[in-house]
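Please open the model in your viewer and keep the selection panel at hand. The stops below go from one selection to the next.

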Amino acid sequence: MNSNNENSKSAVILGLALVLGLSAFGLLMGKAAVDYRQFERSVAVKGLSEREYPADVVIWPILFTEANNDLPKLYTLLDQRIATIQDFLLEKGFKPEEITVSAPAITDKSAQQYGGNVNAEFRYTAEQTVTVYSGDIERVRAVSKQLSALGKQGIAFTGNHYQAQTEYLFTRLNEIKPAMIEEATREARVVAEKFAADSDSVLGKIKRASQGQFTIEDRDKNNPHVKQVRVVSTVEYYLSD
């Protein structure tokens, strides 16, 4: 009889222990799930860094045209024009290694099948480009305004041609990248902290971050020698209560 009572008590105790164990396990699992969800709470923000820098390289193509009915004379005239332009540039302080000359583009109008050039005054026309590649931006900007002196010597410039557009470059991006990325990341954290404060949360560590692509553009169409450098970084932070 005592043996049966003891067996019953053992069964009851075992049952109670099992119930309590499962209850405790359930509570622990519930807390773990809550903690996990809190751990996964995050906010993704963007930070902007935008600065202006002067261009440090300029490519200045000087495009001119000539025409003649005698091809050898046309080439001779081109050589004379090139020499005149080179002397002008050297006098203005440019170095010989900053000046290059491209091959001329010759058009024989009598050989063209279309275009109505039968009665053209000159059979041959030529386009020639003398290019200045320099780091002296201000010198190029100043001298480019003085080309009328060459025009008075009979050189016909083609300033509106797309190939004659002056190009300003900014080549020091690698020098400024670290500081701009740091600034963008700092700005992103300011935004994240404001979000966390407004939502009664605590801002945690960075979950993930991505650096945006750097862009370099002219500040405006009237100042292509002033560049606007821009980068947007995206940073995701953990949040907790």
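Begin by selecting Arg230, which touches Leu48, Ser49, Glu50, Met180, Gln213, Phe214 and Thr215 when residues up to four places away in sequence are not counted, a contact meaning heavy atoms within 4.5 Å. This is a predicted model, in which local features need pLDDT of at least 70 and side-chain atom pairs count only at pLDDT 80 or more, while totals for chains, interfaces and linings use all residues. Residues are numbered from 1 along each chain as its sequence is written, and side-chain values use heavy atoms, with hydrogens and water left out.

Stay with Arg230, which lies in strand 10 (residues 226-240); helices (H or I, at least four residues) and strands (E, at least two) are DSSP runs, numbered from the N terminus. With a relative accessible area of 35%, Arg230 is partly exposed, where buried means under 20% relative accessible area, exposed over 50% and partly exposed in between (1.4 Å probe, protein chains only). Display the side chains of Arg230 and Glu50, and you will find a polar contact between them at 3.4 Å. A polar contact is a pair of N or O atoms within 3.5 Å; within protein, one must be able to donate a hydrogen and the other to accept it, and residues adjacent in sequence count only if both atoms are side-chain atoms.

Now zoom out to the whole protein chain, which has five helices and ten strands. Of its 241 residues, 27% count as buried. Among contacts between residues at least 6 apart in sequence, 79% join residues at least 24 apart. The chain exposes about 15,600 Å², of which carbon and sulfur atoms supply 53%; accessible areas come from the Shrake-Rupley method with a 1.4 Å probe, and for residues only the protein chains shown count as cover.

Next come the aromatic rings. Rings of Phe, Tyr and Trp (its six-membered ring) pair if their centres lie within 6.5 Å, and planes under 30 degrees apart count as stacked, over 60 as edge-to-face and the rest as tilted. By this rule the count comes to two aromatic pairs. Select Tyr53 and Phe170, whose ring centres are 5.3 Å apart and whose planes meet at 25°, so this pair is stacked. Tyr53 belongs to strand 1 (residues 42-54) and Phe170 to the loop between strand 7 (167-169) and helix 5 (173-198), so the pair ties together parts that are 117 residues apart in sequence. Both Tyr53 and Phe170 are buried.

Move on to Trp60 and Phe94, an aromatic pair that is tilted, with 6.4 Å from centre to centre and 50° between the planes. Because Trp60 lies in strand 2 (residues 57-68) and Phe94 in the loop between helix 2 (71-91) and strand 3 (99-101), the pair ties together parts that are 34 residues apart in sequence. Trp60 is buried at a relative accessible area of 3%, and Phe94 also counts as buried, at 3% relative accessibility.

Which strands pair with strand 2 in the antiparallel sense? Two strands pair if DSSP finds at least two bridges between them. Strand 5 (residues 124-134) pairs with strand 2 over eleven bridges, and there the partner of Ala67 is Thr125. Strand 7 pairs with strand 2 over three bridges, with Leu169 as the partner of Val57. Strand 6 (residues 156-157) is joined to strand 2 by two bridges, and Ala156 stands opposite Thr65.

Then select Leu71 in helix 2, which counts as partly exposed at 29% relative accessibility. Beyond residues up to four places away in sequence, Leu71 touches Ile106 and Tyr124.

Finish in the loop between helix 5 and strand 8 (202-211), where Ser201 is found. Ser201 counts as buried at 12% relative accessibility, and, leaving aside neighbours within four places in sequence, Ser201 is in contact with Arg41, Ala196, Leu239, Ser240 and Asp241. Asp200 has its place in that loop too, but Asp200 is exposed, with a relative accessible area of 67%. The phi angle of Asp200 is near 55°, a positive value in a residue other than glycine.
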